Amino acid sequence: PTDGVLQIQFRGEAIPTTVTINDISGKEVFSEELNNFDGNYNTQIDLSDAAKGTLLLSISQGKKKFTEKIILE
């Protein structure tokens, strides 16, 4: 669970990568396209303006997609 500030850190292939956060209805809350991704990602995202509840973090690289549930309190 988070109260608004989310720290995201991961390593992946150095290929174009997309990071998105959607609410449970599918509305996009955050999106970042990393066309020059070097394989390391480390950022803080302020979600304090998003509606409380369940959010879905998705990281896409080519045909691979990782999704994680986030609870915003």
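Trainee: Which residue's side chain has a polar atom 2.9 Å from the backbone oxygen of Val5?

Mentor: First, a heads-up: this is a predicted model, where local features need pLDDT of at least 70, side-chain atom pairs count only at pLDDT 80 or more, and totals for chains, interfaces and linings use all residues. Residues are numbered from 1 along each chain as its sequence is written, and side-chain values use heavy atoms, with hydrogens and water left out. The backbone nitrogen of Gly4 lies 3.2 Å from a polar atom of that side chain too. The residue with the polar atom 2.9 Å from the Val5 oxygen is Thr2.

Trainee: Is Thr2 buried or exposed?

Mentor: Thr2 sits in the segment before strand 1. Leaving out residues up to four places away in sequence, Thr2 touches Ile70, Ile71, Leu72 and Glu73 (contact means heavy atoms within 4.5 Å). Buried means under 20% relative accessible area, exposed over 50%, and partly exposed in between, with a 1.4 Å probe and protein chains only. Thr2 has 8%, so Thr2 is buried.

Trainee: And what is the relative accessible area of Glu13?

Mentor: Look in the loop between strand 1 (5–11) and strand 2 (17–23). Glu13 touches Phe37, Gly39, Gln61 and Lys64, again skipping residues up to four places away in sequence. Glu13 counts as partly exposed because its relative accessible area is 40%.

Trainee: Which residue in strand 6 stands opposite Thr54?

Mentor: Strand 5 (residues 53–61) and strand 6 run antiparallel, joined by 9 bridges. Strands here are DSSP runs (E, at least two residues), numbered from the N terminus. Opposite Thr54 you'll find Ile71.

Notes. Helix = DSSP H or I, 4+ residues; strand = E, 2+ residues; numbered from the N terminus. Polar contact = N/O pair within 3.5 Å; in protein donor to acceptor, adjacent residues only side chain to side chain. Pairing = 2+ DSSP bridges.
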